[in-house]
Amino acid sequence: MNDATPPDATDTLLIGAGPIGLELAVCLRHLGVDYLHLDAGNVGQTVIDYPKQTRYFSSPDRIAIAGVSLPTNGEKATREQYLAYLNGVVRQFDLPVRRYTKVTDLRPRGDGGFDAHTPHRVIRARRVVLAIGDMHHPRRLEIPGEDLPHVSHYFDEPYPYVGQRLLIVGGKNSAVEAALRCHHAGADVTLSYRQDRFDDRAIKYWLLPEIQALIQHGQIDFHPGTVPFAIEPDGVTLRSVDHPERQAKHFADFVLLLTGYEQDKSLFRAAGVTLEGENHAPRVDPDTMMTDVPNLFVAGTAAAGTQVSFSLFIENCHEHARKIATTIAGTAPPNHLINDAAATYGLAES
């Protein structure tokens with residue numbers, strides 16, 4: 001499965017082994033499609049990059065894939081449970097995922113197919129599916145001190161910050177969850193957010209009352225309507241959004257810049273896909289998930305581009321697998337291989 005020299009040619013090249021990429025792989029395998037499945041990292045790499053012990057917002061039935069139940073004893077799944085589950089699906093269906101094989105370039109050929117460049121060789125494919133997700137790089141602030149050693153764009157776990165002054169920049173779910181976990185572990189937490197108040201649609205419902213209460217009682221220091229202007233070894237200068245002349249330095253031992261992530265669009269651009277809208281999302285036919293480049297499809301949250309306001313999650317992307325598999329194979333996969341929980345119960349945030 002980890003052979004560094006994949007075959008030179010395939011009918012369908014599937015890039016990305018997240019939940020929807022795996023669900024599509026199950027469908028293609030069932031329908032007898034000749035396909036090659038690659039991922040630049042490991043199975044569920046985006047989930048691997050989540051902080052330890054992150055718990056999903058969505059219920060297990062909505063993020064389950066390929067007709068395989070996700071048992072969690074009635075609770076929301078954790079990062080660790082979901083990673084074990086995804087790898088279990090790979091084993092159950094004997095999916096040949098080639099891990100740590102990055103596609104660095106994707107070029108259309110004159111015959112309607114593609115040349116996909118990896119570090120080891122060029123793979124020829126009649127069709128390509130990009131199920132690459134949308135969270136590849138942190139959204140940088142481009143301010144002085146952003147690359148200092150005590151500054152990070154990623155939160156892993158709270159324990160490095162115990163007994164330390166921690167300034168967190170951001171006010172959506174990842175920043176609020178990090179602030180709460182670090183506070184409970186014993187960090188002295190300060191939170192800076194560019195908006196005047198939290199958006200309850202962007203925060204897990206069970207976190208919002210807690211963060212508001214801790215701020216109200218002075219246990220977490222909150223600076224709404226501020227943005228970092230400069231980071232120094234001993235602190236951060238925050239500037240008012242509405243009154244830029246108002247600046248104040250806040251001392252901190254560590255800084256977490258949890259300001260969101262951006263999609264790597266290099267493969268879309270290399271292949272000539274039109275990117276449009278605020279998110280620079282690929283143009284797709286919603287009935288087939290084919291882009292405006294013939295035989296190039298997009299699946300999962302990759303179809304949304306860089307999500308500023310989230311609209312695509314795991315649970316409302318399952319249908320992508322059905323549409324793409326049907327278009328490629330000429331026949332629909334069995335219903336039991338596609339999770340229709342979102343259609344049955346309605347949508348919520350993953």
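**Exercise 1.** Is phenylalanine 198 buried or exposed, judged by its relative accessibility?

*Solution.* The model is predicted, so local features need pLDDT of at least 70 and side-chain atom pairs count only at pLDDT 80 or more, whereas totals for chains, interfaces and linings use all residues. Residues are numbered from 1 along each chain as its sequence is written, and side-chain values use heavy atoms, with hydrogens and water left out. Buried means under 20% relative accessible area, exposed over 50%, and partly exposed in between, with a 1.4 Å probe and protein chains only. Phenylalanine 198 has 13% relative accessibility and therefore counts as buried.

**Exercise 2.** Describe how the rings of phenylalanine 198 and phenylalanine 222 are arranged.

*Solution.* Rings of Phe, Tyr and Trp (its six-membered ring) pair if their centres lie within 6.5 Å, and planes under 30 degrees apart count as stacked, over 60 as edge-to-face and the rest as tilted. The count by this rule is ten aromatic pairs. In the pair of phenylalanine 198 and phenylalanine 222, the centres are 4.9 Å apart and the planes stand at 20°, so the pair is stacked. Phenylalanine 222, at 17% relative accessibility, is also buried.
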